[in-house]
Amino acid sequence: MPHRVPSSPEGNGLAEALGEIARTLQAEPDVDTTLAAIVKAAVDHIDGAAHAGISLAERGGQIRTVAPTDDLVTRIDQLQYRTREGPSVNAIAEHEIFRADDLATEARWPTFAPAAAEAGIRSMLSYRLFTTDTTLGALNLYSTEQFAFSEQTAHDGRMFATHAAIALAAASTEANLRMAVEHRDTIGMAKGLLMQAHDVDPVHAFRMLVEASQHSNMKLHQVAAWLVEHRRDL
């Protein structure tokens, strides 16, 4: 049976490693490099993890895999997305950690589990990546061995996932702001429309754009372009 790992006091076994990981992730120059650093660090520091990848939540309930350590991760994730079953799908939807000890005998995911086991993956561990109330996706760990992830590993990895989510959010924000500079004219028009429609100042209007970007999983300039295009709907 897969295990939904309950919240509990987190151990401090990874504390020193996590400090170094956090500094490394914060130094990464862009989103893609940050994602690659997260999955590499996961395989290096989380017991039992032979493969790793990140499932990013996108608009309309879509999920896509980024920075997989190998093609096997991509194949397993595609099985999850097609069947709408599996640890990462549940981690994103239910905001929990999900662990599968042996996919060959797994009953909760009747379509995904046997296909994943046939492809060579026997254990999985998926963490929701989030900041405050925003779900970014899931960090997924895979093993060809049964019972690869212990209860303690699941709890220790929770701290790692927290650092990873913060680094990913920071990198996304920086990338969003760089894009905003390139599209400042469109953003300026959108701000003006919001100021007029809602009788707010420029700071409040920009904050509205940022919030809309976060809640819709759209880039800031895309939100601005949509508002300019649909100005009559304001």
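## Helix H5 and its buried face

In helix H5, which spans residues 112–119, the buried residues are Phe112, Ala113, Ala116 and Ala117. Seen down the axis of H5, these buried residues fall within an arc of 125 degrees, so they line one face of the helix. An α-helix has 3.6 residues a turn, so residues three or four places apart point the same way. This description rests on a predicted model.

The cover over the buried residues of H5 includes H3, helix H4 (87–94) and strand E5 (123–131). After H5 comes glycine 120, and its phi is positive, near 115 degrees.

## The hairpin of E2 and E3

Strand E2, made of residues 51–57, runs antiparallel to E3 and is joined to it by four bridges. Across this pair, leucine 56 stands opposite arginine 64 in E3. Five residues lie between the strands of the hairpin, where glycine 60 takes a positive phi near 70 degrees.

Most residues other than glycine have a negative phi. Alanine 67, although it is not a glycine, has a positive phi of about 50 degrees, and this alanine 67 lies in the loop between strand E3 (63–66) and helix H3 (71–83). With a relative accessible area of 22%, alanine 67 is partly exposed.

Aspartate 199 also is a residue other than glycine with a positive phi, in this case near 55 degrees. Aspartate 199 is found in the loop between helix H7 (184–198) and helix H8 (202–216). Is aspartate 199 buried or exposed? Its relative accessibility is 71%, and exposed means over 50%, so aspartate 199 counts as exposed.

Conventions
Residues are numbered from 1 along each chain as its sequence is written. This is a predicted model: local features need pLDDT of at least 70, side-chain atom pairs count only at pLDDT 80 or more; totals for chains, interfaces and linings use all residues. Side-chain values use heavy atoms; hydrogens and water are left out. Helices (H or I, at least four residues) and strands (E, at least two) are DSSP runs, numbered from the N terminus. Buried means under 20% relative accessible area, exposed over 50%, partly exposed in between (1.4 Å probe, protein chains only). Two strands pair if DSSP finds at least two bridges between them. The arc is that of the directions from the helix axis to the C-beta atoms. Contact means heavy atoms within 4.5 Å.
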